[in-house]
Amino acid sequence: MVSLRDRLEDFYELTKPRLSFLSVVTAVVGYLSADPTRDFSVLFSLLVGTSLAAGGAAVLNQWLEREADAKMVRTKDRAIPAGRIEPQHALLYGLILSFIGCFLLYKGANLLAGSLTAATVASYVLLYTPLKRFTTWNTLIGAIPGALPPLIGWAAAEGRISTLGWILFAILFLWQMPHFFAIAWTHRKDYAQGGFVMLSNADSNGRKVAVQAFLYCIALIVSTLLPVILGYATWIYGTIAIAAGVYILRPSIAFLRESDRTAAARKLFFASIFYLPALLVPLVLDLWLL
């Protein structure tokens, strides 16, 4: 008999806590980068609402992809394909989390924050998830909901979105591309087995994937300098942004070499993980302290 603790852990893992945590962190970055109201209740609503909505979207994503997940090595042991959680229970769970998350942002912050949260969930579940089976453009389209959390935080702080908010959106959007291309190449056989249409599956030697990852890294580095160029941040942050850019650019260049491609993809993936906090924390500190 399955224990209550094991069952609760399954429901918790359905929310993809590490991925959901990224959404919460970037939403808080957007909030702190704006002109916050300094109202703890708004920040509380942002933290809890974003957590619930991101978790709900992750659950609904897995509910929709349960058959594909059962075919892939890295996902076949997830709670739904493994039979530990019934699909209808997961569906209800995901809907409840998503609704409460959006409602909290609407009531605790404002209409714009709540609407952006709802748009994030809807575009992730209803647009990105099904498109993974039909077009390689899914990665580009999926980066949109992934980049919306900073706008949610900005909207919660100010009730509107200004230029710096859109720059944060651009940074998150562009960052996801080399991050996901590295994942797609590393797990290309698994994605093919699951029936997903990824660029890495249609690119036998990986050159197209590598070139796009490199070009998006270049665009990302340029976007990170816009806060300095437009006068929102100082060159103290700008210097850190350049150093972080060099850090993520190096594995993307290695990714271009066919002989080193698989190893470079893993290095690019890990570099992208360390890159984001190394960039965003100095930006927030620069905006607040200097």
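## A buried cysteine

Let's start inside the protein, at Cys-217: this residue is buried, with a relative accessible area of 0%. Look for Cys-217 in helix H11, which covers residues 207-229. Keep in mind as you explore that the model is predicted.

Which residues does Cys-217 touch, once those up to four places away in sequence are set aside? The answer is Pro-178, Ile-248, Leu-249 and Ser-252.

## The whole protein

Now zoom out. The protein has 13 helices and zero strands. Its radius of gyration is 19 Å, close to the 19 Å that the globule rule gives for 290 residues, so the protein is as compact as a globular protein of that length. If you follow the C-alpha trace along its principal axes, the spans are about 55 × 50 × 30 Å.

How much of the protein is buried? Of the 290 residues, 50% count as buried.

## Surface and charge

The accessible surface comes to about 13800 Å², and carbon and sulfur atoms account for 67% of that area. As for charge, there are 24 positive and 17 negative side chains. The centres of these two sets lie 6 Å apart.

Next, find Gln-62 in helix H3, which runs over residues 40-64. Is Gln-62 buried or exposed? Its relative accessible area is 4%, and buried means under 20%, so Gln-62 is buried. Leaving aside neighbours within four places in sequence, Gln-62 is in contact with Glu-13, Leu-14, Lys-16, Asp-69, Arg-78 and Ile-80.

One of those partners, Lys-16, deserves a visit of its own. Lys-16 sits in the loop between helix H1 (4-14) and helix H2 (17-33). Although Lys-16 is not a glycine, it has a positive phi of about 45°. Lys-16 is also buried, with a relative accessible area of 18%.

## Helix H7 and its neighbours

Helix H7 spans residues 138-147, and its buried residues are Asn-138, Thr-139, Gly-142, Ala-143, Pro-145 and Ala-147. What do these buried residues pack against? Their partners are helix H6 (111-131), helix H8 (149-158) and helix H9 (163-186).

## Aromatic pairs

Finally, turn to the rings: the structure holds nine aromatic pairs. One of them joins Phe-40 and Phe-44 in a tilted arrangement, 6.4 Å centre to centre with 35° between the planes. Both residues lie in helix H3, four residues apart, about one turn of the helix. Phe-40 counts as exposed at 62% relative accessibility, while Phe-44 is partly exposed, with a relative accessible area of 44%.

Tyr-124 and Tyr-128 form another tilted pair, at 5.5 Å centre to centre and 35° between the planes. Why are these two tyrosines separated by about one helical turn? Because Tyr-124 and Tyr-128 are four residues apart in helix H6. Tyr-124 is buried, with a relative accessible area of 16%, and Tyr-128 is buried too, at 13%. To finish your tour, look for Trp-166, Phe-169 and Phe-173, which form one aromatic cluster.

How values were computed: Residues are numbered from 1 along each chain as its sequence is written. This is a predicted model: local features need pLDDT of at least 70, side-chain atom pairs count only at pLDDT 80 or more; totals for chains, interfaces and linings use all residues. Side-chain values use heavy atoms; hydrogens and water are left out. The radius of gyration is taken over C-alpha atoms; the globule rule is 2.2 Å times the number of residues to the power 0.38. Buried means under 20% relative accessible area, exposed over 50%, partly exposed in between (1.4 Å probe, protein chains only). Accessible areas come from the Shrake-Rupley method with a 1.4 Å probe; for residues, only the protein chains shown count as cover. Lys and Arg count as positive and Asp and Glu as negative; His and the chain ends are not counted. The place of a charge is taken as NZ of Lys, CZ of Arg, CG of Asp or CD of Glu. Contact means heavy atoms within 4.5 Å. Rings of Phe, Tyr and Trp (its six-membered ring) pair if their centres lie within 6.5 Å; planes under 30 degrees apart count as stacked, over 60 as edge-to-face and the rest as tilted.
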